[in-house]
Amino acid sequence: VEFVYTLRNEELGIGNSVVRIPITVNNFKELVAMQYTLHFDNKNYEFVNLEGFKNLQGFDYNTSQANTNGNISFLWTDKNAVERTLEDGTELFVLILRSTVDRRPSTDLQLTIDNSITDIAAWDKDFNQHNILLSQKSKVETQNSNDVWSISPNPTSGEVKITVVSKANKTVSFELTSVYRKTILKQPVELQKGTNNIALNLKQNGNINTGIYFLKIIGLGGDNIKKILVK
C-alpha cells in the first residue's frame with residue numbers, strides 16, 4: 001500500500017505559512033484494516049487540523065502528541081470486516097500544518113511513516129499483512145496547462161475582475177472560502193473559448209470580514225486556488 005502526499009503552500013502573511021498536505025493512496029485493494037504513525041517536523045511546523053476521511057469510513061486518529069513530538073497515530077478497521085478497494089489517487093485526508101519559521105518554504109517539509117506509536121501494517125480480507133509506504137509528489141500537476149486565470153485588484157474591498165483564458169467552452173464554478181475552509185460563496189459561470197472577463201462581488205452573499213480568503217475555480221482543471229486579501 002502506498003500513500004502519496006503533496007505540499008501546497010498558502011502563505012498567510014510573513015512568518016505565518018499554512019501548508020495543506022493532501023494524502024492519496026495507491027494499491028489499496030481488498031483491505032479490512034490498517035495502522036501506522038505519521039511523523040512531521042514539529043520543530044518548524046505546528047499541527048493545525050485534519051480534514052476529509054470521506055472516502056474511508058471508520059478512520060480514527062490521535063493528535064495528542066502532534067505538537068510534542070510530531071507524531072499522529074492512525075487506525076482504520078472496517079466495522080463489518082468487509083474489504084475495501086480504493087482507486088489509485090483517492091484522497092484519504094488532508095493534513096494542515098502551520099510554519100513556525102518566517103517565510104519557510106513548504107518544500108523543506110518531509111513526512112515519514114514509522115512505528116513509534118503503532119506498528120506499520122495493513123491487512124487484506126484474508127488477513128495477509130502488507131507494508132505501508134509513503135512517498136512525496138513534489139509538484140501539483142496541471143491538467144490543463146493552457147487554462148490560466150488572474151485576479152485584480154488584490155487586495156480588494158470586495159469587487160474583483162477575473163480574467164480566464166480557457167481552451168474550450170465549459171461550465172465552471174467560483175468558490176470563495178475562508179482560511180478555515182468555510183464556504184462564503186459559490187457561483188457557476190459559463191466560460192467561452194479564449195479570454196473571459198468576469199466581474200465578481202465577493203460580498204454579494206453577505207458581508208465578509210477583513211482578512212485572507214481563497215478563491216477556487218472548480219472545473220477548470222489543475223490546482224486552481226488563489227489567495228485574496230479583503231481589506
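This is a predicted model: local features need pLDDT of at least 70, side-chain atom pairs count only at pLDDT 80 or more; totals for chains, interfaces and linings use all residues.

Residues are numbered from 1 along each chain as its sequence is written, and side-chain values use heavy atoms, with hydrogens and water left out.

Strands here are DSSP runs (E, at least two residues), numbered from the N terminus, and two strands count as paired if DSSP finds at least two bridges between them. In general, the strands of a sheet pair through backbone hydrogen bonds, either parallel or antiparallel.

Strand β15 (residues 159–166) is joined to β18 by eight bridges. Along this pairing, E159 has N201 as its bridge partner, and T163 stands opposite N197. Towards β14, β15 pairs over five bridges, with V164 opposite W149. The hairpin of β14 and β15 has six residues between the strands, and G158 takes a positive phi near 150 degrees there. The covered face of β15 holds V160, I162, V164 and S166, whereas its uncovered face holds E159, K161, T163 and V165.

A second open sheet has four strands in the order β17-β16-β19-β20, again with antiparallel pairing. Here β17 (183–191) and β20 (225–230) are the edge strands, each pairing on one side only. The twist averages 25 degrees from one strand to the next. Eight bridges join β16 (residues 170–178) to β17, and V172 stands opposite V189 in β17.

A nonpolar core is a set of buried Ala, Val, Leu, Ile, Met, Phe, Trp, Tyr and Cys residues joined through side-chain atoms within 4.5 Å; buried means under 20% relative accessible area, with a 1.4 Å probe and protein chains only. The largest such core has 34 residues, and F3, I21, M34, F59, F93 and L95 have the most contacts inside it. Strand β4 (28–39) is among the strands that each supply at least two residues, and β4 gives the most, with five. Leaving aside neighbours within four places in sequence, M34 is in contact (heavy atoms within 4.5 Å) with residues including F3, F59, W76 and I132. A second, separate core of 21 residues includes V172, L200, I208 and L220.

How values were computed:
Axes are lines fitted to C-alpha atoms, for helices over the stretch in contact, and angles run from 0 to 180 degrees between N-to-C directions. Buried means under 20% relative accessible area, exposed over 50%, partly exposed in between (1.4 Å probe, protein chains only).
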